[in-house]
Amino acid sequence: MTPSPAARAEGTADLIVTGCTVLVHDDQERIGFEEDAAIVVRDGVVRSVTTAAAVADRPAAERLDARGQVALPGLVNCHTHAPMVALRGIAEDLPTEEWFNDVVWPVEANLTEQDVAWGAWLACAEMIRGGVTCFADHYFAMDAVAAVVAECGMRAHLGQAYFSSQGPEGREKSLEFALRHRGGAGGRITTALAPHAPYTVDDTDLVATAGLAHAHGLPVHIHASENRDQTDTSLARHGVTPIEVLQRTGILDTDVLLAHGTGIVERDLPVLAAARGRTAVATAPRGYLKFGWPTTTPVRALRDIGVPVGLATDGAASNNSLDVWEAMALTALIQKSTTGDPRWLTSRQALHHATLQSARAVGLGEAVGSITPGRRADLILVDLTGPHTQPVHDLAATLVHSARSSDVRTTIVDGRILMRDRELLTIDVPAVVAELGARLPALVDRSHGRRIQDYDT
C-alpha cells in the first residue's frame with residue numbers, strides 16, 4: 001500500500017500498535033476506553049492515540065496487530081526489594097519480628113553483589129511478564145540492580161538502603177549511588193535517598209537526609225508506619241508516631257515515598273496533609289494479610305487529603321510474588337471490606353491507582369501512567385479472550401477482578417518491546433535460574449549467627 005501524503009508528512013513511526021482497545025484518561029482523570037484504536041510511537045514517546053483506520057497506511061518500522069487485546073499503561077511496582085526473589089518462601093508463617101530477626105536479616109548478612117544482580121534479573125523477568133514496566137527498589141548493592149535495569153530495558157526508581165548502625169558511611173553511600181545513577185539507562189533510571197525506616201535510622205541521620213535531599217534535588221524513599229505495632233511502640237517510647245518523626249526531622253519537607261503506612265492513624269492525617277513536599281504512599285496488601293496485621297493502608301483517608309497511593313508488592317520474601325495485578329485486585333477488595341462500603345474502591349478507581357497514581361507516587365506522573373501523546377511509550381497489551389475473562393459486561397471490572405498477570409501478552413518500555421506474545425526478549429530465564437540456584441546454599445546459611453539489623457519495635 002502506498003502511504004498517503006498525510007501519512008508521509010507525519011514520518012515513519014518506530015512502532016504502531018493497532019486494532020486494540022485503549023485505556024484513556026479524560027481531563028478529569030476519569031478512566032475510559034477507546035475501541036478499535038491505534039497507538040503511534042516514535043523516539044520512545046507516544047505520538048498519537050487514534051483510530052486503526054487512520055494509521056492503515058502510516059509507514060512504521062514495526063507494527064503490532066493487537067485485535068482482541070486491551071492496551072494499558074505499564075504497571076508500576078511502587079515499592080519492592082527486587083533481589084529478594086532469591087528468598088521467596090524462606091520465611092513462612094512467622095510473625096514480623098521472627099521473620100526479620102530469625103531468618104531474613106541473618107540471611108541478608110550473606111548477600112554479595114552477585115547475589116543481588118542475579119536476584120534482580122529474576123525479578124525483572126517476573127515483572128515484565130506481569131506487565132510491570134517500572135519499579136521502585138529499596139535495597140543493598142544497588143549498582144548491580146542499576147546495571148540489570150540498564151540491560152533488560154525496564155524503568156526503575158532506585159535507592160541504596162541504609163541504617164544508622166552503618167555510621168555516616170551508609171548515608172554517604174546512599175547519596176553517592178543516587179547521584180551516580182540519576183538519569184541513567186537513557187533516562188529510564190531515577191534515584192532517591194533511601195533511609196530504611198524511623199526505627200532503624202535515628203533523628204540525626206533523618207535530619208541529615210532531608211538536608212541532602214534539598215541540596216541535591218533528590219526524593220526520599222522510606223518505610224514508615226509499616227504496621228500498627230510500630231506506631232504504638234513509637235508513641236510509647238517517644239510520644240510521637242513514625243509519621244510525626246518524619247515531620248520533625250524534615251523528611252516530610254522533601255518529596256517522599258512512604259512504604260506501607262498501615263500504621264497511619266488519625267492524628268497523622270493533618271501532618272501528611274500539611275507536608276511541604278510531594279508525599280505518596282505505596283500499599284502492598286498481600287504481605288499485610290500474610291503477616292496478620294490488623295490494619296491496612298488507609299487509602300480512602302489518604303485520598304481525601306490529596307495523598308496519592310500507588311500499588312506495590314514489597315519483596316517476594318514476604319509477598320511471595322511481584323504481581324502488581326494481584327495487588328490491584330486485593331487493594332480494591334480489602335478497601336471494600338475495611339470500609340464496609342461495596343462502592344469503594346470501584347474498578348475504575350483501582351485502575352487509576354494502578355496507572356496515574358502509581359506513576360505519581362514514584363515521581364513520574366508527567367512521564368508515564370497514561371497512554372497520552374507526549375508521554376513515554378510504556379504500555380502493555382492484555383488478552384481478554386480466555387474463558388475466565390468472558391463475557392465482558394464491564395471492561396474495568398474484567399481487568400481488575402477477572403484478568404490475571406498471565407493475560408499480559410506484550411510489554412513495551414520506551415517504545416522497545418521487552419516481551420512479545422509471552423516471550424521475553426531481553427532476559428534468559430533458564431540461565432538466571434540456574435546461576436541463582438547455584439548461589440543459594442551460601443546465601444541461605446544462617447550458621448554464622450549474625451544479622452544485618454535488629455527488629456525491635
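I started with the second largest cavity, which is lined by Ala 91, Glu 92, Asp 93, Leu 94, Trp 99, Lys 290, Phe 291, Ala 317 and Ser 318. Before going on I noted that this is a predicted model, where local features need pLDDT of at least 70 and side-chain atom pairs count only at pLDDT 80 or more, while totals for chains, interfaces and linings use all residues. Residues are numbered from 1 along each chain as its sequence is written, and side-chain values use heavy atoms, with hydrogens and water left out.

**Cavities**

I wrote down what counts as what: on a 1 Å grid over the protein atoms alone, a cavity is a set of points where a 1.4 Å probe fits but cannot get out, and a pocket is an open set with protein on both sides within 12 Å along at least five of seven lines. Lining residues have an atom within 4 Å of a point. Grid points are joined across faces, edges and corners, and a volume is the space filled by probe spheres set on the points.

The second largest cavity comes out at about 50 Å³. Helix 11 and helix 13 (316–319) each supply at least two residues of its lining. For elements I went by DSSP runs numbered from the N terminus: helices are H or I with at least four residues, strands are E with at least two. I sorted that lining by class and got 5 nonpolar, 1 polar and 3 charged residues. My classes are Ala, Val, Leu, Ile, Met, Phe, Trp, Tyr, Cys and Pro as nonpolar, Asp, Glu, Lys and Arg as charged, and the others, Gly among them, as polar.

How many cavities of 30 Å³ or more are there in the whole structure? My search found 2. The largest cavity holds about 290 Å³ of space. I looked up its 28 lining residues, and His 81, Trp 99, Phe 100, His 223 and Asp 314 lie nearest its centre. Helix 2 (96–108), strand 7 (132–139) and helix 11 (285–291) are the elements that give two or more residues to this lining. Helix 2 gives the most, with 6 residues. The lining of the largest cavity splits into 14 nonpolar, 11 polar and 3 charged. I also noticed that Trp 99 is on the list for the second largest cavity and among the residues nearest the centre of the largest one.

Next I checked the open spaces. The largest pocket has about 320 Å³ of space. Of its 18 lining residues, Pro 198, Tyr 199, Thr 200, Ser 234 and His 238 are the closest to its centre. Helix 8 (228–238) and helix 9 (242–248) are the elements giving two or more residues to that lining, and helix 8 has the largest share, 5 residues. I counted 5 nonpolar, 8 polar and 5 charged in the lining of the largest pocket.

The second largest pocket is about 260 Å³. I found 15 residues lining it, with Ala 141, Gln 160, Gln 166, Glu 169 and Lys 173 nearest its centre. Helix 4, strand 8 (155–162) and helix 5 each give two or more residues here, and helix 5 supplies the largest share, 6 residues. By class, the lining of the second largest pocket is 6 nonpolar, 3 polar and 6 charged.

**Helix pairs**

Helix 4 and helix 5 came up in that pocket, and I looked at how they pack. Their angle is about 20°, with axes 11 Å apart. Axes are lines fitted to C-alpha atoms, for helices over the stretch in contact, and angles run from 0 to 180 degrees between N-to-C directions. Helix 4 and helix 5 are therefore roughly parallel to each other; angles under 35 degrees count as roughly parallel, over 145 as roughly antiparallel, 65 to 115 as roughly perpendicular and the rest as oblique. In helix 4, Met 142, Asp 143 and Ala 146 meet Phe 177, Arg 180 and His 181 in helix 5, where contact means heavy atoms within 4.5 Å. That contact has 3 nonpolar, 1 polar and 2 charged residues.

Last, helix 3 (residues 113–129) and helix 4 (residues 142–152) pack at about 40°, axes 8 Å apart. That angle makes helix 3 oblique to helix 4. I sorted their contact by class as well and got 10 nonpolar, no polar and 3 charged residues.
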